Amino acid sequence: MLVKDLKGRPCTLPTKPYLIDWNRAPSRPQQRVQNFLRPYWCRDIVLAEARIPHCLFRLDLFNVSQGIVVEVSPESTHGR
């Protein structure tokens with residue numbers, strides 16, 4: 001799949017290694033979000049933990065079919 005990196009350069013992102021497994025997530029908050037989105041996104045191409053090309057950042061959930069990115073940020077990561 002052709003995407004743009006953070007500098008706007010076109011890059012190829014392989015989709016096969018990042019296809020979502022709806023029953024598995026790296027954290028409980030992300031699993032709750034996946035469970036919520038599954039009925040709406042079950043027929044779409046969804047990637048989980050996909051790396052942004054030429055960068056160390058990852059996208060938690062990326063709906064390729066609709067062009068939507070969801071970043072799951074648990075409350076524990078925010079300073080109080």
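Guide: D5 has a relative accessibility of 6% and therefore counts as buried, a class that ends under 20% relative accessible area, with exposed meaning over 50% and partly exposed the range in between (1.4 Å probe, protein chains only). Its partner is R9, with the closest N and O atoms of this salt bridge 2.9 Å apart, and R9, at 41% relative accessibility, is partly exposed. The rule applied here asks for a side-chain nitrogen of Lys or Arg within 4 Å of a carboxyl oxygen of Asp or Glu, and by that rule the count comes to one salt bridge.

The model is a predicted one, in which local features need pLDDT of at least 70 and side-chain atom pairs count only at pLDDT 80 or more, while totals for chains, interfaces and linings use all residues. Residues are numbered from 1 along each chain as its sequence is written, and side-chain values use heavy atoms, with hydrogens and water left out.

The C-alpha trace spans about 35 × 35 × 20 Å along its principal axes, and 31% of the 80 residues count as buried. If contact is taken as heavy atoms within 4.5 Å, then 40% of the contacts with a separation of 6 or more are between residues 24 or more positions apart.

Beyond its neighbours within four places in sequence, D60 touches Q30, L47, A48, E49, V70, E71 and V72.

N63 is also placed in strand 4, and with 0% relative accessibility it counts as buried. Its side chain reaches the backbone nitrogen of Q66 at 3.1 Å, and, with neighbours within four places set aside, N63 is in contact with W41, D44, I45, V46 and I68.

Strand 4 runs antiparallel to strand 3 (residues 46-51), and five bridges join the two; pairing requires that DSSP find at least two bridges between the strands. Within this pair A48 stands opposite L61, and E49, which is also placed in strand 3, has a positive phi of about 55° although it is not a glycine. Most residues other than glycine have a negative phi. Strands 3 and 4 form a hairpin with six residues between them, and in its turn H54 likewise has a positive phi, of about 60°. H54 is exposed, with a relative accessible area of 64%.

Turning to the loop between strand 2 (10-12) and helix 1 (28-41), one finds S27 there, partly exposed at a relative accessible area of 30%. A polar atom of the S27 side chain lies 3.3 Å from the backbone nitrogen of Q30, a residue that is also in contact with D60. S27 and P74 are 47 residues apart in sequence, yet their C-alpha atoms are 9.2 Å apart in space.

The cysteines complete this survey. A search of the whole structure finds zero disulfides, a disulfide being a pair of cysteine sulfur atoms within 2.5 Å. For C55, the nearest cysteine sulfur is that of C11, 11 Å away. C55 is buried, with a relative accessible area of 18%, whereas C42 is partly exposed at 40% relative accessibility.

How values were computed:
Helix = DSSP H or I, 4+ residues; strand = E, 2+ residues; numbered from the N terminus. Polar contact = N/O pair within 3.5 Å; in protein donor to acceptor, adjacent residues only side chain to side chain.
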